[in-house]
Amino acid sequence: TNTGACQDAGSCSNDGDCTGSDTTCNTYSGQCHDGTETACHTNSNCTSAAGKSTCNTSTKFCEACTSNSGCTEGGNTTCNTFSGNCHDGTETICDANSTCASVGGKN
């Protein structure tokens, strides 16, 4: 509903506040966006965002991890720099089969 109060263009509290091409409200940041990004408050919000398992606490959007420092929650503290997803470190990451030669039964 329109409360009659002025607000910054692009700011929102729900999807109804967003018009034009940016019709989705990131309720964590208060910014309208196009819906292609996953909004987040913590990394746990990003478990369904393929390849983007780290929550950027500035933008409040999920993004790919680039180092272990981006992985802080739920035991998944190791960054798979090839996929951009955080994991628990029990798997060996790879970008080619040759990387897997030392992994027993997973080549």
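The model is predicted, so local features need pLDDT of at least 70 and side-chain atom pairs count only at pLDDT 80 or more, while totals for chains, interfaces and linings use all residues. Residues are numbered from 1 along each chain as its sequence is written, and side-chain values use heavy atoms, with hydrogens and water left out.

Disulfides were examined throughout the structure. A disulfide is a covalent bond between the sulfur atoms of two cysteines. Here the term is applied to a pair of cysteine sulfur atoms within 2.5 Å. The search of the whole structure returned six such links. With bonded cysteines counted along the chain, the pattern reads 1-3, 2-4, 5-7, 6-8, 9-11, 10-12. Three of these links are described below, with positions given relative to strands. Helices (H or I, at least four residues) and strands (E, at least two) are DSSP runs, numbered from the N terminus.

Cys-40 is joined to Cys-55, with an S to S distance of 2.1 Å. The link of Cys-40 and Cys-55 is right-handed, with 90° about the S-S bond. Cys-40 sits in the loop between β2 and β3 and Cys-55 in strand β3, so the pair ties together parts 15 residues apart in sequence. Both Cys-40 and Cys-55 are buried. Buried means under 20% relative accessible area, exposed means over 50%, and partly exposed lies in between (1.4 Å probe, protein chains only).

A disulfide also forms between Cys-46 and Cys-62, with the sulfur atoms 2.1 Å apart. The torsion about the S-S bond of Cys-46 and Cys-62 is about -90°, so this disulfide is left-handed. Cys-46 belongs to the loop between β2 and β3, and Cys-62 to strand β4 (residues 61-63), so the pair ties together parts 16 residues apart in sequence. Cys-46 is buried at 1% relative accessibility. Cys-62 is buried at 3%.

In the disulfide of Cys-71 and Cys-86, the sulfur atoms are 2.2 Å apart. The torsion about the S-S bond of Cys-71 and Cys-86 is about -80°, so the disulfide is left-handed. This pair links distant parts of the chain, 15 residues apart: Cys-71 is in the loop between β4 and β5 (78-80), and Cys-86 is in strand β6 (residues 85-87). Both Cys-71 and Cys-86 are buried.

Cysteines without a disulfide were also found. Cys-94 is in no disulfide, and the nearest cysteine sulfur, that of Cys-100, is 3.7 Å away. Seen from Cys-100, the closest cysteine sulfur is that of Cys-94, and the 3.7 Å between them is too far for a bond. Cys-94 is partly exposed, at a relative accessible area of 35%. Cys-100 is buried, at 9% relative accessibility.

Salt bridges were examined next. Side chains of opposite charge can pair when their charged atoms come close. A salt bridge is counted when a side-chain nitrogen of Lys or Arg is within 4 Å of a carboxyl oxygen of Asp or Glu. The whole structure contains two salt bridges.

Glu-37 pairs with Lys-52 through their side chains, at 3.2 Å from N to O. Glu-37 and Lys-52 both lie in the loop between β2 and β3, 15 residues apart. Glu-37 is partly exposed at 31% relative accessibility. Lys-52 is partly exposed at 32%.

The other listed pair is Lys-106 with Glu-91, whose closest N and O atoms are 3.2 Å apart. Lys-106 and Glu-91 are both in the segment after β6, 15 residues apart. Lys-106 is partly exposed, at 47% relative accessibility. Glu-91 is partly exposed as well, at 44%.

Two further residues complete the account. Asn-43 lies in the loop between β2 (31-33) and β3 (54-56). Asn-43 is buried, at 10% relative accessibility. Contact here means heavy atoms within 4.5 Å. Leaving aside neighbours within four places in sequence, Asn-43 contacts Ser-53, Thr-54, Cys-55, Gly-70, Cys-71, Thr-72 and Glu-73. Among these partners, Cys-55 is bonded to Cys-40, and Cys-71 is bonded to Cys-86.

Lys-60 is found in the loop between β3 and β4. The phi angle of Lys-60 is near 65°, a positive value in a residue other than glycine. Lys-60 is buried, with a relative accessible area of 18%.
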